[in-house]
Amino acid sequence: MVNKQKGMTIIELMFTVAILSIIILGLVTFFTGSAKSWITGQSQLEAQRNARQAMESMVREIRHGETADDSSTSTSIVFNTPFNGSPDINYYLDTGTGILYRNANPIIDDVLSLSFAYIDNIDNVIPTSDSEFSNKVSKIHINLQVDIDGDSNPDITLNSDIDLRNFDL
């Protein structure tokens, strides 16, 4: 009697290894993409959190400001607050580096643009060149755009309208 041995041929073994390799390659690709996506989401979340904190800080201080100073522009604001006892507070964007500053202290980076619009008590925009500028401003509109990925398109855009509390018209 001939002993019949059952087993796998080399062709069957190679076919099985090829199928398992394809499955493993697909899983590795899936998990790598998921990890990259998670990292991107985390960096965007952190940037959004930082942008909101910067905006909230500006809004809070500007809201309590007495007046916008004559040296304010459409890209920077100078004002003083009755409670800080120090000289003027200045928020401005260094366009070369994309860093938003409060006085000389950096607040947030990757800022694409920062703009201020100064509005009087009847909702007219006041040009910063107006001789009565600081006496007319009762509301300030801020637009802050942050570019996380460096493609010159805003990834985060925040807007806020601030009614000055200490404005006495």
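I19 is partly exposed, with a relative accessible area of 36%. I begin with this residue as an entry point to the structure, which is a predicted model. I19 sits in helix 1, the element that spans residues 10-63. It also belongs to a nonpolar patch on the surface, together with F15, L20, I23, I24, L27, V28, F30 and F31. Taken together, the residues of this patch have about 910 Å² of accessible area. Membership of such a patch requires over 30% relative accessible area, and I19, at 36%, is therefore above that cut-off.

Let me now turn to the overall architecture. How many helices and strands does the protein have? The secondary structure comes to 2 helices and 8 strands. Read from the N terminus, the order of the elements is α-β-β-β-β-β-β-α-β-β.

What are the dimensions of the protein? Along the principal axes, the C-alpha atoms fill a box of roughly 115 × 30 × 30 Å. The radius of gyration is 29 Å, whereas a compact globule of 169 residues would have one near 15 Å. As for burial, 29% of the 169 residues count as buried. The protein exposes about 11,000 Å², and carbon and sulfur atoms supply 55% of that area.

Contacts along the chain complete this overview. Among contacts with a separation of 6 or more, 47% are accounted for by residues 24 or more positions apart.

Where is D110 placed? It lies in the loop between strand 5, residues 105-108, and strand 6, residues 111-119. With a relative accessible area of 38%, D110 is partly exposed.

The second case is D123, again not a glycine, and again with a positive phi of about 65 degrees. Its place is in the loop that runs between strand 6 and helix 2, the latter covering residues 133-136. Is D123 buried or exposed? At 54% relative accessibility, D123 counts as exposed, because the cut-off for that class is over 50%. D110, at 38%, falls in the partly exposed class, since that class lies between under 20% and over 50%.

Technical notes
Residues numbered from 1 in each chain as written. Predicted model: local features only at pLDDT ≥ 70, side-chain atom pairs only at ≥ 80, totals over all residues. Heavy atoms only, no water. Patch = residues over 30% accessible without salt bridge, like charges linked within 9 Å, V, L, I, M, F, W, Y side chains within 5 Å. Areas by Shrake-Rupley, 256 points an atom, 1.4 Å probe, with all protein chains shown as cover. Salt bridge = Lys/Arg side-chain N within 4 Å of Asp/Glu carboxyl O. Helix = DSSP H or I, 4+ residues; strand = E, 2+ residues; numbered from the N terminus. Buried < 20%, exposed > 50% of the residue type's maximum accessible area, 1.4 Å probe, protein only. Rg over C-alpha atoms; globule rule 2.2 N^0.38 Å. Contact = heavy atoms within 4.5 Å.
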